[in-house]
Amino acid sequence: MFSTLLVALRASVVTLVLTGVLYPLVVTGAAQVLFPREANGSLVKDEQGREVGSALIGQGFTRPDYFQPRPSAAGTGYDATASGGSNLGPTSQKLRDRVVAEADRLRRENPEAPGPVPGELVTASASGLDPHVSPESALWQVPRVARARGVDPARVRTLVASQVEGRTLGVLGEPRVNVLTLNLAMDRQFGGPARTLASP
């Protein structure tokens, strides 16, 4: 019996060392060598070198001179510690009321926007932390942002087009625009202190 216990103890120690120490060290080291930016959180810095967020986690922007992301159902909104959707289904009256209220707000804030409000601007993503919107949703907001910044809408549209990220590996997903990096690009090109960026 003692020999069986010794074998089990040795197997446990070896497994603990392999899976609890060596494997995490190897994976962490490989990530730091191969993908250092991603491994460290894909942090985004402003012109002064201050970290203002992550390219992987959405944050709220409410000022008219910034592009707005999708709404968030994560915690109290854009809470990275409480990622998740609302779990409200298509027959939910609460979801319908929230979508209608959000659409009304967007129409009021974007009176010159072309066409109907894009659906993604009134519905939260499954994580509640999606940092991207479609190019169409960003372009829909151009008149408001251009007016608030006092610049030609054509210049803002050009900047949006320059920020469009293609499909991953050329085939996965859809073209998208990262709202945080777009707003930082707006500040770089048209001015505006980065300290006015919303907190994550």
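Tutor: Start with Ala73. Leaving aside residues up to four places away in sequence, Ala73 touches Gly84, Gly85, Ser86, Ala124 and Gly128. Contact here means heavy atoms within 4.5 Å. The model is a predicted one: local features need pLDDT of at least 70, side-chain atom pairs count only at pLDDT 80 or more, and totals for chains, interfaces and linings use all residues. Residues are numbered from 1 along each chain as its sequence is written, and side-chain values use heavy atoms, with hydrogens and water left out.

Ala73 sits in the loop between β2 (51–54) and α3 (93–109). Helices are DSSP runs of H or I with at least four residues, strands are runs of E with at least two, and both are numbered from the N terminus. The relative accessible area of Ala73 is 22%, so Ala73 is partly exposed. The scale is this: buried is under 20% relative accessible area, exposed is over 50%, and partly exposed lies in between (1.4 Å probe, protein chains only). Ala73 can also be placed against Val26. The two are 47 residues apart in sequence, and their C-alpha atoms are 36 Å apart in space.

Stay in that loop for Asn87. Asn87 also belongs to the loop between β2 and α3. Its phi is near 65°, a positive value in a residue other than glycine. Asn87 is exposed because its relative accessible area is 77%.

Now look at another loop, the one between β4 and β5, where Leu169 is found. Phi of Leu169 is near 55°, again positive in a residue other than glycine. Leu169 has 76% relative accessibility, so Leu169 counts as exposed.

Side chains of opposite charge can pair when their charged atoms come close. The rule for a salt bridge is a side-chain nitrogen of Lys or Arg within 4 Å of a carboxyl oxygen of Asp or Glu. Glu165 and Arg176 form one, with their closest N and O atoms 3.7 Å apart. Glu165 lies in strand β4 (residues 164–165) and Arg176 in strand β5 (residues 176–178), so this pair ties together parts eleven residues apart in sequence. Glu165 is partly exposed because its relative accessible area is 30%.

Arg167 and Glu174 make another salt bridge, closest N to O 3.0 Å. Arg167 is partly exposed at 38% relative accessibility. Glu174 is exposed, with a relative accessible area of 51%.

Arg50 is partly exposed, at 40% relative accessible area.

Not counting residues up to four places away in sequence, Arg147 touches Glu109, Pro111 and Glu112. Arg147 lies in helix α5 (residues 142–149). With 43% relative accessibility, Arg147 counts as partly exposed. Arg147 and Val177 are 30 residues apart along the chain, with 20 Å between their C-alpha atoms.

Next, a helix pair. Two packed helices are described by the angle between their axes and the distance between the axes. Axes are lines fitted to C-alpha atoms, for helices over the stretch in contact, and angles run from 0 to 180 degrees between N-to-C directions. Helix α6 (residues 153–162) packs on helix α7 (residues 179–190) at an angle of about 135°, and their axes are 10 Å apart. So α6 and α7 are oblique to each other. The crossing of α6 and α7 is right-handed. On the α6 side, the contact uses Arg155, Val156, Leu159 and Val160; on the α7 side, Leu182, Ala185, Met186, Gln189 and Phe190. By class, this contact has seven nonpolar, one polar and one charged residues.

Three of those terms need their rules. Angles under 35 degrees count as roughly parallel, over 145 as roughly antiparallel, 65 to 115 as roughly perpendicular, and the rest as oblique. A crossing is right-handed if the near helix is turned clockwise from the far one by less than a right angle, and left-handed if anticlockwise. Ala, Val, Leu, Ile, Met, Phe, Trp, Tyr, Cys and Pro count as nonpolar, Asp, Glu, Lys and Arg as charged, and the others, Gly among them, as polar.
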